[in-house]
Amino acid sequence: MIEWKDKREFWITGVRLADPETGKIRTGSVLVQKGVIADIVRQKSVDTDLPVCDAGMYICAPGFVDIHTHLREPGYEEKETIKTGTAAAAAGGYTSVLCMANTDPVIDEPSVIEYIKRKAVEAGMCRVYVAAALTKGLGGEVINEYHFLKEAGAVALSDDGMYVTNSQVMRSAMEYALFHRLPVISHCEDNFLVKGSQMNEGYSSTRFGLKGAPAVSEEIAVNRDIRLASLTGARLHVAHVSTAGSVEMIKAAKRKGVPVTAEVTPHHLTLEDSLLENYDRNLKVNPPLRGRRDIDALRAGLRDGTIDCIATDHAPHHEIDKQVEFDKAPPGMIGLETAFAQLHTELVVKGKFELIDLVRLMTIRPAGVIGLPGGRLKKGVPADLVLIDPNEEWVLERSMIRSKSKNTPLAGKRFTGRIQGVFFEGKWRSAIFSEKRGRESSEPARRHV
Ligand SMILES: [Zn+2]
């Protein structure tokens, strides 16, 4: 019935091709051969004997690239596994993710990288890139052996979740990272200023009686790392920027030629700290949700290029972990499956961003920050593609969530725009589109030998 499924050679026709490189959305068709984009034509339909996936005016873009994902495996398989995390990624339109090092054991040994890579290939849902830890056990004291980590496949270095408090350690880490040509991703929060905090410090934290983390806790950390990047010449990437002050500093640093890039999460772009009124533990994140002024500055920073890209900081936590007093709940929310819909609904439908800009911020831009090959729509690259219906209205139900954890504050929310599925190396990897056209199984197509 869907005869292009499971085929190694087929056409995807009638789509609106969103090309992040040219910034244009044009009608066309794509020929997929052995997992690679073999041809792109401007016609709506093609005369062919090959199987045809008629994707009826859906948007077809390069698969999204997430450079900030917590897959939790090894060590926290009750929260997420490589299998469930990459299934969530595929459901959200992602064909590449960069996983963070705060697993157990920490990703500070080549063997852990090899384990993750092997598991990712077994799962076969999307590409998994690995960020190795900057310091041994994320302890912030002893620098890892970057040479061996890079040899094993690490593409970036990060103690994400922790700020490297010791500036001398961070300086040395940056010097070694530069030598090995690896970007350093920094989780910028001053450990002392955020200690015990539950949310953003401000009017809302006073009202709700929760201890707040001031904006400067992030800004002090961003400032130090920008100075160190300037001193060492290392490639610094600031994770999950959340304050107006950070945007200002990154802007100034870029103007001076400091090699710094930055990302922002869908939640920091769309959710305000005042929402914590209901004490929803799923709104508790690090850095915390901020106020309106910060959100506006983040959006402006994204528009003018100060912030390079969007990254989810997908952080699964088991239900039991979150069913405790607010101050004991671990920070983090899942994001892979809702990132596009949430941003499309809040930014594109409301006229703040063009669709192609959103696509660019989720594809070629994040890929460029880390130097990954994905995010392009052209002949000869792997057929990693996402199909999007920008008009479909839908409500997120918990039962739809593929991630092993359900810690999202967005359950029950109505969105406009929905991922229909992805092709990963030309193989169909999601269910919604298939369900509509014949209720195919939600399992991925069988792997080819
Ligand atoms: Zn972080």
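## A buried aspartate

Asp160 counts as buried because its relative accessibility is 4%. Buried here means under 20% relative accessible area, exposed means over 50%, and partly exposed lies in between (1.4 Å probe, protein chains only).

This is a predicted model: local features need pLDDT of at least 70, side-chain atom pairs count only at pLDDT 80 or more, and totals for chains, interfaces and linings use all residues. Residues are numbered from 1 along each chain as its sequence is written, and side-chain values use heavy atoms, with hydrogens and water left out.

## The zinc site

Which residues coordinate the zinc ion? They are Asp160 (OD), His187 (ND1) and His240 (NE2), at 2.0 to 2.2 Å. Along the sequence, these donor residues follow the spacing D-x26-H-x52-H. Asp160 and His240 link distant parts of the chain, 80 residues apart. Asp160 sits in the loop between strand E9 (154-158) and helix H4 (167-179). His240 sits in the loop between strand E13 (236-238) and helix H7 (244-255). Donors are N, O and S atoms within 2.8 Å of the metal (3.2 Å for Na, K and Ca); water is not among the atoms, so sites may look incomplete. Helices (H or I, at least four residues) and strands (E, at least two) are DSSP runs, numbered from the N terminus.

Is His240 buried or exposed? His240 counts as buried, because its relative accessibility is 1%. The backbone of His240 also stands out: phi is near 25°, a positive value in a residue other than glycine.

Strand E14 covers residues 260-264. The strand is mostly covered, with 5 of its 5 residues buried. Both faces are covered. Val260, Ala262 and Val264 lie on one side, and Thr261 and Glu263 on the other.

E14 pairs with E13 in the parallel sense, over 3 bridges. Two strands pair if DSSP finds at least two bridges between them.

## His267 and its surroundings

His267 lies in helix H8 (residues 266-270). His267 counts as buried because its relative accessibility is 4%. What does His267 touch, leaving aside its neighbours within four places in sequence? It is in contact with Val285, Leu289, Thr312, Asp313, Met333 and Gln342. Contact means heavy atoms within 4.5 Å.

## Two hairpins in a row

Strand E1 (residues 9-19) and strand E2 (residues 24-33) pair in the antiparallel sense over 9 bridges. Leu17 stands opposite Arg26 in E2. E1 and E2 form a hairpin, with 4 residues between them. In the turn, Gly23 has a positive phi of about 75°.

E2 also joins strand E3 (residues 36-41). These strands run antiparallel, with 5 bridges. Gln33 stands opposite Val36 in E3. The hairpin of E2 and E3 has 2 residues between the strands. Lys34 lies in the loop there, between E2 and E3. Its phi is positive, about 50°, although Lys34 is not a glycine. Lys34 counts as exposed because its relative accessibility is 68%.

## Two domains

How is the chain divided? Domain 1 is 9-61 + 380-436, and domain 2 is 63-370. These bounds come from an automatic or database domain assignment. The C-alpha centres of domain 1 and domain 2 lie 26 Å apart. The contact takes 40 residues from domain 1 and 48 residues from domain 2.

About 3300 Å² is buried between domain 1 and domain 2, and carbon and sulfur atoms give 64% of that area. Buried area is the accessible area (1.4 Å probe) that two parts lose on being put together, summed over both. Pro20, Lys404 and Asn407 supply 20% of the area that domain 1 buries against domain 2, more than any other three residues. There are 3 salt bridges between domain 1 and domain 2. Glu425 forms a salt bridge with Arg127, and the closest N and O atoms are 3.4 Å apart. A salt bridge is a side-chain nitrogen of Lys or Arg within 4 Å of a carboxyl oxygen of Asp or Glu.

## Cis peptide bonds

A cis peptide bond joins Asp104 and Pro105, with omega about 5°. Pro105 lies in the loop between strand E7 (94-99) and helix H2 (110-123). The peptide bond from Asn286 to Pro287 is cis too, with omega near -15°. Pro287 is found in the loop between H8 and helix H9 (292-303).
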